[in-house]
Amino acid sequence: MKLTWLGATAFRVYVGGAIVVIDPDAAAPDVDRGELRAGADRIVGLSDPALPSLDPAGWRPRPSPRATEDDLHDVEIARIAEAAVLIAAAGEPALVVLGPGSLPRFGRWADGAVIVLTTARESLVA
């Protein structure tokens, strides 16, 4: 997994052989929006209502399959709260990007996840 922060809630993520761009319009003013979106397999918003929703308390990561060409770009992206996104690919830690709003309830899988806080989250950090 490679995670590039571009300001505020904007990220470019390379995970599971796919490039996912989160909140490209929130990137810093000096970031070229065309370059940011170039080559992206998916572009999503942190609060995008079109993303499928799931309950993170009951979610489980998929087991690592044997690597084949068909496994590339097999990335799960879902909303887990009002402004929170889960990105998961088999064989890699889950990525959670948390924006403003209420925190989701996490399951045991979160112990091995990469969790990015985009706003002050004193309650989670404590």
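Two strands count as paired if DSSP finds at least two bridges between them. Strands here are DSSP runs of E, at least two residues long, and helices are runs of H or I, at least four, all numbered from the N terminus.

Now the model. It is predicted, so local features need pLDDT of at least 70 and side-chain atom pairs pLDDT 80 or more, while totals for chains, interfaces and linings use all residues. Residues are numbered from 1 along each chain as its sequence is written, and side-chain values use heavy atoms, without hydrogens or water.

Start with the sheet. It is open, with four strands in the order β5-β6-β7-β8 and mixed pairing. β5 (75-81) and β8 (114-117) are the edges, each pairing on one side only.

Look at β7, residues 95-98. Four bridges join β7 to β8, and the two run parallel. Within β8, Ile 115 stands opposite Val 96.

Next, Thr 118. This residue sits in the loop between β8 and α2 (122-125). Contact in general means heavy atoms within 4.5 Å. Beyond four places in sequence, Thr 118 touches Val 97, Leu 98 and Gly 99, among others.

Finally, the interior. A nonpolar core is a set of buried Ala, Val, Leu, Ile, Met, Phe, Trp, Tyr and Cys residues joined through side-chain atoms within 4.5 Å; buried means under 20% relative accessible area, with a 1.4 Å probe and protein chains only. The largest has 17 residues, and Ile 22 and Val 97 are among those with the most contacts inside it. Ile 22 also contacts Val 97.

How values were computed: Buried < 20%, exposed > 50% of the residue type's maximum accessible area, 1.4 Å probe, protein only.
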